[in-house]
Amino acid sequence: MTRTAFLHTPSALEAVMDHIPTQIWEMSYECTYGRVNAAYASFLGKPREEIECQPIESVLPQPEAAAAIAMTRNAFERKTTLESDVWRTDANGRHRLLRVTITPTALEGVLSFLSCSAIDITERWEHEQEMIRCRESIDEQTAQKVGESADALWGAVSSLVHLAETQDPNSSLHLKRLSESCRVVASVLSFNSVYSQSLTYDFIHMLQQACLFHDIGKASIPDSILLKPGKLTREEFDEVKKHTSIGAETLAQAYENLPKGAIFQMAMDIALSHHERWDGKGYPNGLKGDEIPLSAQIVAICDVYDALRSIRPYKPALPHQDSMLELRRECGTQFNPALCDAFYHCAEEIRHIYDSSAD
């Protein structure tokens, strides 16, 4: 879209736009900037001529650019005003939380571009976080005792993970790759307008640890099935599927005498639901769409990629490009489309994680 296509607002209004603190910009379907006001240019620390008529990826750093592109396409497809809180990097390299509003705008009855605005709510968010920390600090002695018990139990359950993974000498590398891949994908997805509020720093940090327990239930599955070189029978596959429920039950029983901490709840969600599918055809409960915990969705796509790249008793390893093609085929069926987009945007980083610690 050319710059002239955006120039339809009277100059008086443009002058007003340049004297308000709200950041304002226009965006085309091709993800190219139209006009931007002074507040937006100042936030990015760039002159307007380096922003206007330029593609998003040449203005914003990654992964912010990838998330902004996904947000733009989403707004055009929905054709309705969207509002979300997203983290962006300002001219001084600081991460700021912006409340972004995107409104599809029509010219002569045709949807032509997006009118976008943002206000900085970082201080408000920090105040809210401080209030939360103050509430959590009440009865600190009791909280400390519970924490010590939870830490001890976490160490005990971690030994179960080690026991479950000793069946495969390459599993420690798999877990390391899975943890890093989940961090990268969740970080990119955190800029997505749909999930940005859920994917906090604490969530991503817990995900890196909780994902290590995803296959803990396989400790109860016979080696003769897990390491079988050929195709499993229906009865054998039914036995393998039990590892999801067994894993969640193992964690629940280990933690039944302590308050349910967020990380243990996440670990149980992942163990139970990382084989559910976006289309509802997974197991064990046939969950569909966002009925599946977000943590389990992220682990699922990262785990499948790692499995495709790895040698298994029943299959050879696939190269990166072939593995990505397999994931694309399952977009919208096995995997959440928004999650697929995030995975594609960080594909090279995922490739590097695997190649640097391959089996």
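Sixteen is the number to start with: a search of the whole structure finds 16 salt bridges. This is a predicted model.

**Salt bridges**

- Side chains of opposite charge can pair when their charged atoms come close.
- Arg 96 and Glu 123 form a salt bridge, with their closest N and O atoms 2.6 Å apart. This pair links distant parts of the chain, since Arg 96 sits in strand E4 and Glu 123 in helix H4, 27 residues apart.
- Arg 96 is buried, at 11% relative accessible area, while Glu 123 is partly exposed at 46%.
- Within helix H6, Glu 180 and Arg 183 lie three residues apart, about one turn of the helix, and their closest N and O atoms are 3.0 Å apart.

- Strand E3 (residues 82-89) is largely enclosed by the rest of the structure, because six of its eight residues are buried.
- E3 pairs with strand E4 (residues 95-107) in the antiparallel sense over eight bridges, and Glu 83 stands opposite Thr 101.
- Five residues separate the two strands, and Gly 93 in the turn has a positive phi of about 80°.

**The second largest pocket**

- This pocket holds about 940 Å³ of space and is lined by 32 residues, with Trp 87 and Ser 190 among those nearest its centre.
- Its lining has 13 nonpolar, eleven polar and eight charged residues.

How values were computed: Residues numbered from 1 in each chain as written. Predicted model: local features only at pLDDT ≥ 70, side-chain atom pairs only at ≥ 80, totals over all residues. Heavy atoms only, no water. Buried < 20%, exposed > 50% of the residue type's maximum accessible area, 1.4 Å probe, protein only. Helix = DSSP H or I, 4+ residues; strand = E, 2+ residues; numbered from the N terminus. Pairing = 2+ DSSP bridges. 1 Å grid on protein atoms, 1.4 Å probe; cavity = no way out; pocket = protein on both sides within 12 Å on 5 of 7 lines; lining within 4 Å. Points joined across faces, edges and corners; volume = space filled by probe spheres on them. Nonpolar A, V, L, I, M, F, W, Y, C, P; charged D, E, K, R; others polar. Salt bridge = Lys/Arg side-chain N within 4 Å of Asp/Glu carboxyl O.
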